[in-house]
Amino acid sequence: QVLTEAMEKYKAPGNCVSLNVPTVNTPIWGNISPGIRAQELKIQKILKLLTSGITAFARTLDGTEMTEEQQDALALLCNTQYEINCFRKSSIHPTLNPKFAGLCKASATPPPRQLFGEDLPKQVKELDEEAKAVGLMKPPSSAKPQAYRRHHPYTNTRPRGQPDRAPRAYPPTTPYQQKPFLGQSQQRPAWKMRQ
């Protein structure tokens, strides 16, 4: 309750747009997942606390002269607000169509009242035309597709009438000759049949 009263006490001035907490544009808000929507509401609450703190700190400053520490503190606080808004965009980025990813780029100026800008339809139209132009200018792939060849496993390429392979020549052998066994040659003598 104390924080709520402090937030009401130190509201951002109406002419200071940079201290507003921007809301998500209606077309995008209606299409994000419930999980991201719940996260977005929590971040907006944190931003409201931060902007109230910046406003309270700014009221303590003398507009004619500021110390170096006061300037650094104010710059750090305002940059924190800017980074949080950039994080909000990056969290919503996965739910967008890839060709509209440019909407989530960090802008040089803080968003005024809506996170993706007041001219969202104009931005969407420009990104759509840009995507079409890039698609038309995309160079063809350098890899050439290989021609399809039908496999013929049983096709004989030899002329008709010739054998598939040359006849195998076998070396002459002597009767009952065996190959060497363990380096020793074994040979049985020839024998004759008894009459």
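Q: In which helix is Glu-40 found?
A: The model is predicted, and its helices are numbered from the N terminus. Glu-40 touches Val-24, Trp-29, Arg-88 and Ile-92, leaving aside residues up to four places away in sequence. The helix that holds Glu-40 is α3.

Q: Is Glu-40 buried or exposed?
A: A residue counts as buried when its relative accessible area is under 20%. Glu-40 has a relative accessibility of 2%, so Glu-40 is buried.

Q: How many helices and strands does the protein have?
A: Read along the sequence, the elements follow the pattern α-α-α-α-α. The count is 5 helices and 0 strands.

Q: What share of the residues in the protein is buried?
A: The protein has 195 residues. Glu-40 is one that counts as buried, at 2% relative accessibility, and Ile-92 is another, at 0%. Buried residues make up 18% of the protein.

Q: Among contacts between residues at least 6 apart in sequence, what share joins residues at least 24 apart?
A: A contact means heavy atoms within 4.5 Å. Ile-92 and Ile-28 touch, and these two residues are 64 residues apart along the chain. Among contacts in the protein between residues at least 6 apart, the share that joins residues at least 24 apart is 68%.

Q: Which residues have the most contacts inside the largest nonpolar core?
A: In soluble globular proteins, nonpolar side chains tend to be buried together. The largest nonpolar core here has 13 residues. Those with the most contacts inside this core are Val-24, Ile-28, Ile-92, Leu-103 and Phe-116. 

Q: Why does Ile-92 count as buried?
A: Ile-92 is found in helix α4, residues 68-92. Not counting residues up to four places away in sequence, Ile-92 touches Val-24, Ile-28, Ile-32, Ile-36, Glu-40, Leu-115 and Phe-116. Buried means under 20% relative accessible area, and Ile-92 counts as buried because its relative accessibility is 0%.

Q: How many Å separate the C-alpha atoms of Ile-92 and Ile-28?
A: Along the chain, Ile-92 and Ile-28 are 64 residues apart. Both are among the residues with the most contacts inside the largest nonpolar core.

Q: Is Lys-89 buried or exposed?
A: Lys-89 is found in helix α4. Leaving out residues up to four places away in sequence, Lys-89 touches Leu-103, Cys-104, Lys-105, Ser-107, Leu-115 and Phe-116. The relative accessibility of Lys-89 is 9%, so Lys-89 counts as buried.

Q: Which residues are closest to the centre of the largest pocket?
A: About 310 Å³ of space lies in the largest pocket. Its lining has 20 residues, and by class these are 9 nonpolar, 5 polar and 6 charged. The closest to the centre are Lys-89, Gly-102, Leu-103, Lys-105 and Gln-123.

Q: Which helix gives the largest share of the lining of the largest pocket?
A: The share of this helix is 3 residues. The helix covers residues 120-137 and is α5.

Q: Which helix gives the most to the lining of the second largest pocket?
A: The second largest pocket has a volume of about 260 Å³. It is lined by 14 residues, and Met-7, Lys-11, Val-21, Lys-48 and Thr-51 lie nearest its centre. The elements that give two or more residues to this lining are α1 (2-9) and α3 (34-59). With 4 residues, the one that gives the most is α3.

Q: Where is Asp-119 found?
A: Asp-119 counts as partly exposed, at 36% relative accessibility. Asp-119 and Asn-25 are 94 residues apart in sequence and 10.0 Å apart in space, C-alpha to C-alpha. Asp-119 is in the loop between α4 and α5.

Q: How many disulfides does the structure hold?
A: A disulfide needs two cysteine sulfur atoms within 2.5 Å. The cysteine sulfur closest to that of Cys-16 belongs to Cys-78 and is 7.8 Å away, too far for a bond. Cys-16 is partly exposed at 24% relative accessible area, and Cys-78 is partly exposed at 32%. The number of disulfides in the structure is 0.

Conventions: Residues numbered from 1 in each chain as written. Predicted model: local features only at pLDDT ≥ 70, side-chain atom pairs only at ≥ 80, totals over all residues. Heavy atoms only, no water. Core = buried A, V, L, I, M, F, W, Y, C linked by side-chain atoms within 4.5 Å. Buried < 20%, exposed > 50% of the residue type's maximum accessible area, 1.4 Å probe, protein only. 1 Å grid on protein atoms, 1.4 Å probe; cavity = no way out; pocket = protein on both sides within 12 Å on 5 of 7 lines; lining within 4 Å. Points joined across faces, edges and corners; volume = space filled by probe spheres on them. Nonpolar A, V, L, I, M, F, W, Y, C, P; charged D, E, K, R; others polar.
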